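Subject: Model handover and findings

Hi,

My notes follow below it.

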Amino acid sequence: MKERQEILDYGMTLPDVYMDAPFHDDNWILLRCLKNKKAFAWTYERDGQIWVNVKVDPEWRDFWRAAYPSVLPGYHQNKEHWNSIILDGTIPDEEIRRMVAESYDLVIGKKSHTKK
């Protein structure tokens with residue numbers, strides 16, 4: 001995945017999700033859960049590439065960061081609970097989908113929802 005639309009399209013396949021642009025800035029498009037209004041994916045362009053911030057279980061946070069150089073501590077978010085993914089093509093699509101789905105699960109309070 002290298003495009004914002006790929007993240008948004010995938011996120012919209014998860015149950016009860018909507019897109020939001022709360023900052024009056026077209027650069028920031030979020031995916032939120034309808035039930036609790038919490039964001040689970042923050043998409044934005046930075047340094048000429050698309051990034052997505054996802055919530056992460058602290059037990060997995062360092063695994064993702066060690067596995068892929070394009071996974072960094074969450075930009076503008078709590079570094080313990082959020083990772084930033086640079087969509088530069090170096091991370092397999094299924095791994096990005098897994099991180100987005102895990103973020104969704106954490107935000108809705110569910111333990112293991114994975115949709116591929």
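Of the contacts between residues at least 6 apart in sequence, 44% join residues at least 24 apart. Contact here means heavy atoms within 4.5 Å.

Ground rules next. This is a predicted model, where local features need pLDDT of at least 70, side-chain atom pairs count only at pLDDT 80 or more, and totals for chains, interfaces and linings use all residues. Residues are numbered from 1 along each chain as its sequence is written, and side-chain values use heavy atoms, with hydrogens and water left out.

**Overall layout**

The chain has 3 helices and 6 strands. Both are DSSP runs, numbered from the N terminus: helices are H or I with at least four residues, strands are E with at least two. Their order along the sequence is α-β-β-β-β-α-β-β-α. The radius of gyration is 13 Å, close to the 13 Å that the globule rule gives for 116 residues, so the chain is as compact as a globular protein of that length. That radius is taken over C-alpha atoms, and the rule is 2.2 Å times the number of residues to the power 0.38. Along the principal axes, the C-alpha atoms fill a box of roughly 35 × 30 × 25 Å.

**Surface and charge**

Buried residues account for 42% of the 116. Buried means under 20% relative accessible area, exposed means over 50%, and partly exposed lies in between (1.4 Å probe, protein chains only). The accessible surface is about 6,300 Å², and 50% of it belongs to carbon and sulfur atoms. These areas come from the Shrake-Rupley method with a 1.4 Å probe; for residues, only the protein chains shown count as cover.

There are 17 positive and 19 negative side chains. The centres of the two sets lie 6 Å apart. Lys and Arg count as positive, Asp and Glu as negative; His and the chain ends are not counted. Each charge is placed at NZ of Lys, CZ of Arg, CG of Asp or CD of Glu.

Two strands pair if DSSP finds at least two bridges between them. Strand 1 (residues 17–20) pairs with strand 2 in the antiparallel sense, over 4 bridges. Met19 has Leu31 of strand 2 as its bridge partner. Leu31 in turn has Ala41 of strand 3 as a bridge partner. Strand 2 and strand 3 (residues 39–46) run antiparallel, joined by 4 bridges. Ile29 stands opposite Thr43 in strand 3.

Strand 3 also pairs with strand 4 (residues 49–55), antiparallel over 6 bridges. There, Tyr44 has Trp51 as its bridge partner.

How enclosed is strand 2 (residues 29–33)? Of its 5 residues, 4 are buried, so it is largely enclosed by the rest of the structure. Strand 3 is mostly covered as well, with 6 of its 8 residues buried.

**Positive phi, worth a look**

- Asp16 is in the loop between helix 1 (4–11) and strand 1. Its phi is near 55°. At 54% relative accessibility, Asp16 counts as exposed.
- His24 is in the loop between strand 1 and strand 2. Its phi is about 55°, although it is not a glycine. At 81% relative accessibility, His24 counts as exposed.
- Lys37 belongs to the hairpin of strand 2 and strand 3, which has 5 residues between the strands. Its positive phi is near 65°.
- Asp47 sits in the turn of the hairpin formed by strand 3 and strand 4, with 2 residues between them. Its phi is about 55°.

Best wishes
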